[in-house]
Amino acid sequence: MKITHQLALACALSVAALCVTGPSIAHEIKLGNLVIHHPWIKQPPGGAEVASAYTTIDNNGKEDDTLLSIAVDGASMTMIHEMKMEGDVMKMHEVQGGLTIPAGKTVELQPKSYHVMLMGLKAPFMEGEEVKGSFTFAKAGKVDVDFEVVAASANAPMKH
Amino acid sequence: MASAKTLRVALWGMVALVAAIIGLIALNGSRQSGDTLALANFGAPFKLASSQGGELDSATLKGKPYGVFFGFTHCPEVCPTTLFEMSATLKELGDQAKDFRLIFITVDPERDTVANVKDYLANFDPRIEGVVPTMEQLPEVARAYHVYYKKQPTSDGSYTMDHTATLFLIDANGNLKSTLSFDETRDTRVEKMKKLLTGG
């Protein structure tokens, strides 16, 4: 009986340990009323001078905030772009004055929509790599984040 | 006299009618050939600098199905995604697509040189060949494929490009067979490619 209990406990603990230590931790960053979900970068083609980064931001507060800028190690310049398809034409434009994160809303930066354009890459980002960076908001301020580099063929980060 | 005048009027009337009929036939004929021309020899001809050295003459594409896609190497999303997806499709089709060529034409010759288009395409399937028109050649080749492109300045003094993201699939006779849009699913892409390759 005692041994069975101990075994059960050991099993439960190892499962718990796996859950906590594995790469399956939900990658979330809280900053005041904002929650930034899993920032990621799509691995660019080797030698490319640009790449794009994505994330999802919840604003649980009662006031709008604005994502002013993003810094990513290894990219000398970043810019928030909106991409949209107009018929067969792909159009991109820079989001001027930052991206509004409305109160009580979620804004998704994802393929075929808003993205952070990374320019002046010093070295190619490789799949699986963790890249350091930060987000700066008008009200909530600045927070450090890690971007996960995801396979080029992916349209979304690995589901964790 | 009266009967001769009537005859003359009747004859001129017939001439006018025949002329009108001939005119209509001619107009109709030219309209029809106009329609065919728009799809036959789609986009061609061109002779432009190639990432594989020398010039690519569109005449050498004839006889085998091929694809044409316009983009640029500073493109963060549409271009690499399309090229990665097409690389995966070509890999999947394997031998069935061994003679297929995909021509990537840059809409940004200001920044894209033959050398950096070559480096860029090294990331993708070797059946993808880059073509770099000069600034003077670009409007003509884009017009031939009904492709839109526009430079969009950005706040850092640089720019990005808006452009048509459609991939054109052209059959062995040089006719436009079908197109692949950016939103196409993997299954549709493979199906359209198979149809193109088998002439189905």
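1. A word on conventions. In this predicted model, local features need pLDDT of at least 70 and side-chain atom pairs count only at pLDDT 80 or more, while totals for chains, interfaces and linings use all residues. Residues are numbered from 1 along each chain as its sequence is written, chains are lettered from A and ligands numbered from 1 in the order in which they are written, and side-chain values use heavy atoms, with hydrogens and water left out.

2. The largest nonpolar core has 52 residues, and B:Val68, B:Leu83, B:Phe100 and B:Tyr145 touch the most other members. Helix α2 (residues 78-93) of chain B gives the most to this core, namely six residues. A nonpolar core here is a set of buried Ala, Val, Leu, Ile, Met, Phe, Trp, Tyr and Cys residues joined through side-chain atoms within 4.5 Å. Buried is under 20% relative accessible area, exposed is over 50%, and partly exposed lies in between (1.4 Å probe, protein chains only). Helices (H or I, at least four residues) and strands (E, at least two) are DSSP runs, numbered from the N terminus.

3. B:Leu83 is worth a look in the viewer. Apart from neighbours within four places in sequence, B:Leu83 is in contact (heavy atoms within 4.5 Å) with B:Phe69, B:Leu102, B:Phe104, B:Tyr120, B:Leu121, B:Phe124 and B:Ile128. A second, separate core of 29 residues includes A:Ile36, A:Val72, A:Leu118 and A:Phe125.

4. Now the interface. Chain A brings 26 residues to the contact and chain B brings 28 residues. The buried area between the two chains is about 2,200 Å², with 60% from carbon and sulfur atoms; this is the accessible area (1.4 Å probe) that two parts lose on being put together, summed over both. A:Pro45, A:Met90 and A:Met92 supply 25% of the area that chain A buries against chain B, more than any other three residues.

5. Across this interface the rule finds one salt bridge, where a salt bridge is a side-chain nitrogen of Lys or Arg within 4 Å of a carboxyl oxygen of Asp or Glu. The side chains of A:Lys112 and B:Asp183 meet in a salt bridge at 2.9 Å, N to O. On the chain A side that touches chain B, β3 (50-59), β5 (75-86), β6 (89-94) and β9 (114-121) each supply at least two residues.

6. Over all chains, the whole structure holds 14 salt bridges. One of them joins B:Arg101 and B:Glu129, with the closest N and O atoms 3.0 Å apart. B:Arg101 sits in strand β4 (residues 101-106) and B:Glu129 in strand β5 (residues 128-132) of chain B, so this pair links distant parts of the chain, 28 residues apart. B:Glu129 is buried at 4% relative accessible area, and B:Arg101 is partly exposed at 28%.

7. Another bridge in chain B pairs B:Lys151 with B:Glu110, at 2.9 Å between the closest N and O atoms. B:Lys151 lies in strand β6 (residues 149-153) and B:Glu110 in the loop between β4 and α3 (114-121), so the pair ties together parts 41 residues apart in sequence. Both partners are partly exposed: B:Lys151 has a relative accessible area of 38% and B:Glu110 one of 47%.

8. Finally, B:Lys192 and B:Glu184 meet through their side chains in a salt bridge (3.4 Å, N to O). B:Glu184 is buried at 18% relative accessible area, and B:Lys192 is partly exposed at 24%. Salt bridges that share partners also join B:Glu92, B:Arg186 and B:Asp187 into one network.
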